[in-house]
Amino acid sequence: MNTAEDGLPLPSRYWAILNLALGMSLSVLDSAIANIALPAIAKEIHASPADSIWVVNAYQLAVICSLLPLASLGDIFGYRRIYMIGLGVFTGAALVSALSHSLPMLTAGRALQGLGAAGMMSVNMALVRFTYPRRQLGRGIAMTAIVVSVSSAGGPSVAAAILAVASWPWLFAVSVPIGLLTMVMSLRLLPHTPPSEHRFDLTSTILSATAFSFLIGGINGIGHHQPAGFVAIALIGAVLVGYALVRRQALLTLPLLPIDLFKRPVFALSVATSVCAFVAQGIVFVALPFYFQDVIGRSQVETGFLMTPWPVTVAMIAPIAGRLADRYPAGILGGIGLGVLSLGFILLALLPDQPGDANVIWRMAVCGWGFGFFQSPNNRTIVASAPRSRSGGAGAIQGTSSLLGQTIGTAAVALVFGYAGPAGGASPTVAILLAAGFSAFAALASLCRLLNILRIPRSRRRRDSDLSTTVPSNMRVHSPAE
């Protein structure tokens, strides 16, 4: 396999990953700063706190409903093309959001930004796979984990810095010049994958968006104690529409929902591991601010400081985990990482009544170490266990699993707070212990991958490996300079 087929040569590889990092940081930062600035935005556009939540929900719903369709478009028309279109939509929508003077206009702008972000997220892993050679894929995926962690950690600080010197529209306006610069860079830096001969399935797209809308609506309804009839209709609708979607995918050569990939036990177990791990993360990221502020009486600034060790440690451990993932099974690495994560949650739940900063920080660092040790190897396995021509669908499943897990985690916290008492009592601790349970279950799912590998005959393992690394003639990667 020549270099063009197995990643980009140096230094083109570094320039390509830099471009992908810029686009990824834009989408992560945008989500983080919108959450931080929500109270200020609601006050200025005269929206109630409940209504202003749509500024966040519109973005998240647009992302999760469009990831799979846009990944399918990437498989069909080329990953770089979809990435650039997504980046263009995101940049234009950022300008719309910055110029908004009403909640409906801002919500529309945020939904468009979510659509653009989904365009980038849906093919990001596929582009990483075509940028790095297979033997170094773990390192490339580790770079994405670093960017996400650093952007998440820096989100509150960036929002605070902008709001200190300007009004909230500038939170979105700053994305415009960066987005334009990244688009220009993408033309020359990203690997090019020619289009395939498959057609886009509009019916599957509608079914997918409807199923996920029902599912997310039902999950949020449970968490926010909405009427049982509404929740039942939403969840039943998700099951019925999801069943129709799966039936349709079984008839397609290039399905929008890659159900054929789930027939590979390693892929299915890796996705299950991802969902459970991100449920745990979602629970803790929502519960901890209530614990820090309502239970031990810390300020918002102090809360941000105490939350920071997690993403910082993830950024530090991700390169190490990525290199190890190129040599050792993800089942072992993920099992160790998620076991440590579960231990970190238990340590947080056992904090004394008035803990010092150092007592909290080292526990958060343990959690970050565990999550970082799991994340890169697991993402590598999800992407690498699919044929290269299906990298877009595999990457979209990885993104969908993390978003779905975080959504379930958020709803779980709302349920705990509703039944275990106010946020200033024992509820945050109960939620953290629940997260420890999900993390322990994820560790078991991760270790099951190792058992599955041991049961597969060596000849079949070699055949599956060849299938996942073979590059069809119409999917060979070319350096932008060629």
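How many residues does helix α8 have, and how far does it reach from its first C-alpha to its last? Please keep in mind throughout that what we are looking at is a predicted model. Helix α8, which runs over residues 175-189, has 15 residues and spans 20 Å between its first and last C-alpha atoms, close to the 21 Å expected at 1.5 Å a residue. Several residues of α8 are buried, and among them are Ser-175, Val-176, Gly-179 and Thr-182, with Met-185, Ser-186 and Leu-189 also buried.

Let me turn to the aromatic rings, where the count comes to ten pairs. One of these joins Trp-310 and Phe-371, and because their ring centres are 5.9 Å apart while their planes stand at 50°, the pair is classed as tilted. Trp-310 belongs to helix α13 (residues 309-325) and Phe-371 to helix α15 (residues 357-384), so this pair ties together parts that lie 61 residues apart in sequence. Trp-310 is buried, with a relative accessible area of 2%, and for Phe-371, also buried, the value is 2%. Phe-371 also pairs with Phe-374, and here the centres are 5.4 Å apart and the planes are at 70°, which is why the pair counts as edge-to-face. Phe-371 and Phe-374 sit three residues apart in helix α15, so about one helical turn separates them, and both are buried.

A ring elsewhere takes part in another kind of arrangement: Arg-13 lies over the face of Tyr-132, at 5.7 Å from the ring centre.

Finally, I would like to consider two serines. Ser-122, in helix α5 (residues 103-131), has a relative accessibility of 0% and therefore counts as buried. Leaving aside residues up to four places away in sequence, Ser-122 touches Leu-67, Leu-70, Ala-71 and Ile-82, together with Gly-392, Gly-395 and Ala-396.

And is Ser-25 buried or exposed? Ser-25, located in helix α1 (residues 12-44), has a relative accessibility of 16%, and because the cut-off for burial is under 20%, Ser-25 counts as buried. The side chain of Ser-25 reaches the backbone oxygen of Leu-22 at 2.8 Å, and, with residues up to four places away in sequence again set aside, Ser-25 touches Val-147 and Ser-151.

Terms used
Residues numbered from 1 in each chain as written. Predicted model: local features only at pLDDT ≥ 70, side-chain atom pairs only at ≥ 80, totals over all residues. Heavy atoms only, no water. Helix = DSSP H or I, 4+ residues; strand = E, 2+ residues; numbered from the N terminus. Expected span 1.5 Å × (residues − 1). Buried < 20%, exposed > 50% of the residue type's maximum accessible area, 1.4 Å probe, protein only. Contact = heavy atoms within 4.5 Å. Phe/Tyr/Trp six-rings, centres within 6.5 Å; stacked < 30°, edge-to-face > 60°. Lys NZ or Arg CZ within 6 Å of the ring centre and 35° of its normal. Polar contact = N/O pair within 3.5 Å; in protein donor to acceptor, adjacent residues only side chain to side chain.
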